[in-house]
Amino acid sequence: MTWEYAPAPESRAIANLKPSYRMFVDGEFVEGAGEPLKSVNPATEEVLAEVSTAGAGDVDRAVKAARRAHDKTWGRMPGTERAKYIFRIARMVAERARELAVLESLDNGKPIKESRDTDVPTAAAHFFYHAGWADKLDYAGLGPDPKPLGVAGQVIPWNFPLMMAAWKIAPALACGNTVVLKPAETTPLSALVLAEIIQQAELPPGVVNIIPGAGDVGAELVNHPGVNKVAFTGSTEVGKVIQSALAGTGKKLTLELGGKAANIVFDDAPLDQAVEGIVNGIFFNQGHVCCAGSRLLVQESIAEELLAKLHARVSTLRVGDPLDKNTDVGAINSRDQLTKIQDLVASGEQEGAERWSSPCPLPDKGFFFAPTVFAGVTQSMRIAREEIFGPVLSVLTFRTPDEALAKANNTPYGLSAGVWTEKGSRILWMADRLRAGVVWANTFNRFDPTAPFGGYQESGFGREGGRAGLEAYLDV
């Protein structure tokens, strides 16, 4: 007997989609001078809405509005008062959670169960958590009299649009800074609904400004002389350009960039649990995760058994409509990203790796890619070195802990890693030596606003979240 899941679609009407959206500057929604963009549903390729974008003059207007708000209102406001506004935003995000989740899945392509259970609750949690810090900065261990930096220019990616906005905006506001935020051009909608919430929360005009646009708008914002702090999450290539442009300007900078995380499984690991962690580590959000566990390092003696279990588990993943509550893997965010994934997968086959892709059916329309596992991968292959940012796993083997460590650290990145073993001493030994900002033990992709997150090397620098994340927004 075979069991089939009946469709369980969430209603797209809950998203309250509008035909057009405008940028948010100085407390008002206004038309931008840039060329309007069309936001596309990656699961159906339909246009969801037209979005007004910023021109150079709009960026200048947004930064000046943020400066006025900082100097006259927000920067002077006691932390206890700032906290009330941030708590209000957090509550309103939670109240509109279902609407935001549906909108995020429509605009981004991720499964509704991920938007509903991870993205929106984590976004609200970051506002709740940082609201609690607003009146306690003197006791954060960051100096006797920490002060806000001023205006924060923030650029966020398309893989977690709402969550990244919360990661950036919440600590900046808690520390007394004002914000100009540029969402990704392919996923601007949830950030603009967040702007509605900010307006409804009666945040003083200019404290938060949201200006959609492409890379030219981000460059204009980053290089604006009125910006005191830049926070960027995105590709390593763009991060390098930003760091070079800001060198010598005195602007404070944090970068959260790409990754090529190693998920390391030792022969004493609980294999079924490890398989679930591996699947979560690489197929969550279609692999569109900077810290995705895209390199699986398996001890040689258990490689065959683990790979068989992994194939069986991946074969059960359901790929399809992001609004179906049964969907495990949604749509790739854009055609450009799908092409990049296809090119790297083709290189893996050409270089001699053994490709296995899930036999799952794919929808006729939209940007979809079957979950894929490569065995027989060597460290020199592109699929082992380059960030794929898609549902593709490369499997390598090792014999000893030293070999596992050497292979795990053989990367220019350093954002995250996972270790699977029953030996606590081995976990601590590995964690101490892995060049990664976050090391998970017998789990993967666990996040909390109280815990700092960030990387080393070409994965960037600085931390977001926790007490350590406050320092990036304070003059200490």
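This is a predicted model: local features need pLDDT of at least 70, side-chain atom pairs count only at pLDDT 80 or more; totals for chains, interfaces and linings use all residues.
## Ground rules

Local features need pLDDT of at least 70 and side-chain atom pairs pLDDT 80 or more, while totals for chains, interfaces and linings use all residues. Residues are numbered from 1 along each chain as its sequence is written, and side-chain values use heavy atoms, without hydrogens or water.

## Aromatic pairs

Rings of Phe, Tyr and Trp (its six-membered ring) pair if their centres lie within 6.5 Å; planes under 30 degrees apart are stacked, over 60 edge-to-face, and the rest tilted. The count comes to 11 aromatic pairs. One of them is the tilted pair of Phe-87 and Phe-128, at 6.3 Å centre to centre and 50° between the planes. Phe-87 lies in helix α2 and Phe-128 in helix α4, so the pair ties together parts 41 residues apart in sequence.

Next come Phe-160 and Phe-284, with centres 6.1 Å apart and planes at 25°, so this pair is stacked. It links distant parts of the chain, 124 residues apart. Phe-160 is buried at 6% relative accessibility (buried means under 20% relative accessible area, exposed over 50%, partly exposed in between, with a 1.4 Å probe and protein chains only). Phe-284 is buried too, at 13%.

## Charges over rings

A charge sits over a ring if NZ of Lys or CZ of Arg is within 6 Å of the ring centre and within 35 degrees of the ring normal. Lys-229 lies over the face of Tyr-473, 4.9 Å from the ring centre. Arg-463 has its charged end over the ring of Tyr-456, 5.1 Å from the centre.

Methods
Helices (H or I, at least four residues) and strands (E, at least two) are DSSP runs, numbered from the N terminus.
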